[in-house]
Amino acid sequence: MHRRTERGTVATLADAISAAHAAMLVESRSIARTADRVQPALAEAITLIRASSGRVLVSGLGKSGHIAHKIAATLASTGTPAQFVHAGEALHGDSGAATAADVAILISNSGETAEVCQFAHMLTGWDVPIIAMTRNPDSPLAFFARVVLDISVDGEADPLGLAPTASTASTLAVGDALAIALMTLSGFTPAQFAERHPGGALGHQLLGAAPRQVSSAPRQVTP
């Protein structure tokens with residue numbers, strides 16, 4: 001039962017657990033729907049990334065920025081060179097990381113985030129192809145993109161329906177899907193994964209009981 005105080009109704013622990021369980025169900029259903037919705041454009045995005053000779057630049061702002069950071073890390077660790085670029089910092093010099101050999105994944109749920117859209121405008125001027133992740137195919141961000149991945153959801157998972165939860169879960173799932181597709185096409189092996197991930201429990205598992213020794217001697221550089 002709910003308790004009543006001078007401030008109104010206070011939820012119980014049981015209410016909170018019920019909300020938590022419901023949130024996970026909302027997010028799982030959102031990911032399933034996104035998987036179907038994004039399918040037609042996924043092949044285009046994969047083909048565009050495979051055709052580039054540079055890196056995948058992944059950018060966003062706010063919660064989308066956190067998701068972009070993780071997507072870049074997953075791509076890099078699974079054989080697709082990638083770099084996170086903060087959309088705000090991109091407007092203050094970090095856009096210099098981009099080259100015409102790269103491809104960019106820009107994330108904005110609304111498709112209207114000013115910094116992300118301005119970064120998209122800059123990249124377009126440098127002939128960097130853009131993959132947009134947005135819920136709005138008619139948004140300013142989508143206008144700059146060669147491929148639009150639809151990350152729309154029916155609603156967020158929190159009680160207010162406001163916090164980026166289902167939308168960020170679905171966006172991250174699309175990023176993971178891209179990474180998995182690319183590593184499948186490249187024939188990425190456990191040995192290659194181990195080379196990139198020698199640390200921690202996963203590195204220990206991949207490399208065996210005796211961790212690979214890394215030389216502390218300075219590398220000789222030819223002038």
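Reply: Let us begin with a definition: buried means under 20% relative accessible area, exposed over 50%, and partly exposed in between, with a 1.4 Å probe and protein chains only. This is a predicted model, where local features need pLDDT of at least 70 and side-chain atom pairs count only at pLDDT 80 or more, while totals for chains, interfaces and linings use all residues. Residues are numbered from 1 along each chain as its sequence is written, and side-chain values use heavy atoms, leaving out hydrogens and water.

Me: Why is F144 called partly exposed?
Reply: F144 has 21% relative accessibility, so it counts as partly exposed. F143 has a relative accessible area of 68%, so F143 is exposed.

Me: What makes F143 and F144 an edge-to-face pair?
Reply: Rings of Phe, Tyr and Trp (its six-membered ring) pair if their centres lie within 6.5 Å; planes under 30 degrees apart are stacked, over 60 edge-to-face, and the rest tilted. The structure holds two aromatic pairs. In F143 and F144 the ring centres are 5.4 Å apart and the planes stand at 75 degrees, so this pair is edge-to-face. For F188 and F193 the centres are 6.3 Å apart and the planes at 70 degrees, so that pair is edge-to-face too. Both F188 and F193 are buried.

Me: How do you know that A90 is buried?
Reply: Its relative accessibility is 0%, so A90 counts as buried. A90 touches V85, S95, F119 and M122, leaving aside residues up to four places away in sequence (contact means heavy atoms within 4.5 Å).

Me: What makes a set of residues a nonpolar core?
Reply: The members are buried Ala, Val, Leu, Ile, Met, Phe, Trp, Tyr and Cys residues, joined through side-chain atoms within 4.5 Å. The largest nonpolar core has 26 residues, and V58, I105, I131, M133, L149 and L178 have the most contacts inside it. A second, separate core of 17 residues includes A87, A90, A104 and C117.

Me: Which residues does I105 touch?
Reply: Not counting residues up to four places away in sequence, I105 touches I49, V56, L57, V58, S59, I131, M133 and L178.

Me: How far apart are A90 and E115 in sequence and in space?
Reply: They are 25 residues apart in sequence and 8.3 Å apart in space, C-alpha to C-alpha.
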